[in-house]
Amino acid sequence: MFDSSGLLRQRFAALRSTAELFSLRHVKQSHQSLSVRRNVAEPPHFSQDEGAMLTVRVDGVETYAATADLSQSGLQHALEQAEALARRIKRHSLLDLSGQSVSSQRHDHLSPNLDRALPSLADCLELLAAESASVPKDARLVDWQASLGITRVEQTYLNSVGAELRHAQRFMFPGLGVTASDGQDSQSRTLGRDNFGQQGGFEVIERCGLVGAARRVADEALQLLLAPNTPSGVRDLLLMPDQMMLQIHESIGHPLEMDRILGDERNYAGTSFVKTADFGHLQYGSALLNVTFDPGIGEELASYSFDDDGTQATKQFLIRDGLLVRPLGGALSQWRSGLDGVANSRACGWNRAPIDRMANLNIEPGEQTLAQLIGAIEHGILMRTNRSWSIDDARNKFQFGCEWGQLIENGELKGVVKNPNYRGISADFWRNLSAVGDRSTFQVLGTPNCGKGEPNQVVRVGHASPACVFRQIDVFGGDA
């Protein structure tokens, strides 16, 4: 796990610098992925990466340099590169960060059950093969796949004022997908994959429900193949957590990232319809909407104690009773904007600088069971599991599609419909939030592949949510 010999600490202590502040962030990451497709094991994929980023502050200017050479001379050379860059750009600097505080804390953060060994790769592959073999023999089932991704990350942050922050984490991504086709149409049902990731061990696979799910998932794919198209019109919309995850991500998470609001991302990932003046004033959603940045749910993908700039992470409300109160802005963005933010400066690896990123972005549970949510809907539709999305550069107007739909009439679930889609405008959509499920409907989910930044950074993001009802939403089928 962590460097028991303290070699990295020794090398950091031996670095020589004239900067008023300098830091080192060392990251070691490994990934392995296993897959069985149509009962045939695919070649496993393994990768490993390790390096360090050195950051300096010289006369209020911060710069950085990264290196995969972790020798004493390699780290010293990177530190000197960062210093030289700071001195060169001093006269062009727009910010003086001399007064910005830095952490001097020491802390270790571990994923849940990190001390428990996982089954061997052979045993994991056998589990996936058994699930693949459980898919029923039906000529209409044309493709299926069971998969498991495992990522391990060890990170150490050290700085010249005494901070030592260490993280050791394991991320699990189980998945299952089945596609049915009749020659004219094809429909897929998935479990996990890109919307179910958690920290932990084998218990993550159990919570996902992967084992024993193949027959049900295959049956749902066949049901969709036979189902009528989703009717178009205005209906109440019940979104289950695995679709709420995408809704939160795109129409709350990205719009509230402070660097995007300040214009930093407009060249690549876009801007935001939110303005700095909106915080404390904009009614983002109905009074039922409570959104938190919560790094304290152990199994959620972006749970951590300190972010990559060394800022302590604590639970904060971003939206309370529908009112926008706080952005997703790390230390630098808070310094620039004058607004309170959260500890969400994050980097995808050792050779990228931390930027404002979503982390664990959750909707707090309400008070209604799923049966109560359904029972209060006269004319509506339930949707689950995202399969397509489109949203404009300001994260305002959107159109999302799901795998699974069921009509709701007079408080009862009715028939399955395929190609369910809906559209709206972000804040208007959240103001139509009319009911929030209780903790029995609450799920912890997450994605491994949120991209942003130049050069690009792909990070893990957690989302936890109950089921939610939105009134009078524009719904349409695949032929609209």
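Guide: A disulfide is a pair of cysteine sulfur atoms within 2.5 Å. That cut-off is applied here to a predicted model.

Visitor: How many disulfides does the structure hold?

Guide: The structure holds 0 disulfides.

Visitor: Are cysteine 402 and cysteine 450 buried or exposed?

Guide: Buried means under 20% relative accessible area. Cysteine 402 has 0% relative accessibility and therefore counts as buried. Cysteine 450, with a relative accessible area of 4%, is buried because that value falls under the cut-off of 20%.

Visitor: Which residues does UniProt list for the domain "Metalloprotease TldD/E C-terminal"?

Guide: The UniProt record, an unreviewed entry, lists residues 237-475 under that domain name. In the model, the span is 15% helix and 37% strand, and its end C-alpha atoms lie 8 Å apart.

Visitor: Where does histidine 249 lie, and is histidine 249 buried or exposed?

Guide: Histidine 249 is part of helix H6, which covers residues 241-253. Its relative accessibility is 7%, so histidine 249 counts as buried.

Visitor: What is histidine 249 in contact with, leaving aside its neighbours within four places in sequence?

Guide: Contact means heavy atoms within 4.5 Å. With those neighbours left aside, histidine 249 is in contact with His254, Met358, Thr447, Cys450, Val461 and His463. The side chains of histidine 249 and histidine 463 are also joined by a polar contact of 2.9 Å. Cys450, in the contact list of histidine 249, is the buried cysteine discussed above.

Visitor: How should I read a sheet, and in what order do the 4 strands of the open sheet come?

Guide: Strands of a sheet pair through backbone hydrogen bonds, either parallel or antiparallel. In this open sheet the order is S13-S12-S11-S16, and the pairing is antiparallel. Strand S13 (323-324) and strand S16 (361-363) stand at the edges; each has a single partner strand, so one side of each is left without a neighbour in the sheet.

Visitor: How many bridges join strand S11 to S16, and which residue is the bridge partner of phenylalanine 293?

Guide: Strand S11 (residues 291-293) is joined to S16 by 3 bridges, and the two run antiparallel. Phenylalanine 293 has leucine 361, in S16, as its bridge partner. Helix H6 packs on this sheet and touches S11, strand S12 (316-320) and S16, with a direction that makes about 115° with that of S16. Histidine 249 lies in that helix.

Visitor: Which strands are joined to S20 by bridges?

Guide: Strand S18 (residues 397-409) is joined to strand S20 (residues 421-425) by 5 bridges, running antiparallel. Here phenylalanine 398 stands opposite glycine 424 of S20. S20 also has 3 bridges to strand S24 (residues 468-476), again antiparallel. Asparagine 421 has phenylalanine 476, in S24, as its bridge partner.

Visitor: How far apart are glutamine 76 and arginine 16 in sequence and in space?

Guide: The two residues are 60 apart in sequence, and the C-alpha to C-alpha separation is 7.2 Å. Glutamine 76 lies in helix H2 (residues 72-89). Not counting residues up to four places away in sequence, glutamine 76 touches Ala14, Leu15 and Arg16. Its relative accessible area is 15%, so glutamine 76 is buried.

Definitions and conventions: Residues are numbered from 1 along each chain as its sequence is written. This is a predicted model: local features need pLDDT of at least 70, side-chain atom pairs count only at pLDDT 80 or more; totals for chains, interfaces and linings use all residues. Side-chain values use heavy atoms; hydrogens and water are left out. UniProt positions are given in the numbering used here, feature names are shortened, and annotations may be inferred rather than shown by experiment. Buried means under 20% relative accessible area, exposed over 50%, partly exposed in between (1.4 Å probe, protein chains only). A polar contact is a pair of N or O atoms within 3.5 Å; within protein, one must be able to donate a hydrogen and the other to accept it, and residues adjacent in sequence count only if both atoms are side-chain atoms. Two strands pair if DSSP finds at least two bridges between them. Axes are lines fitted to C-alpha atoms, for helices over the stretch in contact, and angles run from 0 to 180 degrees between N-to-C directions.
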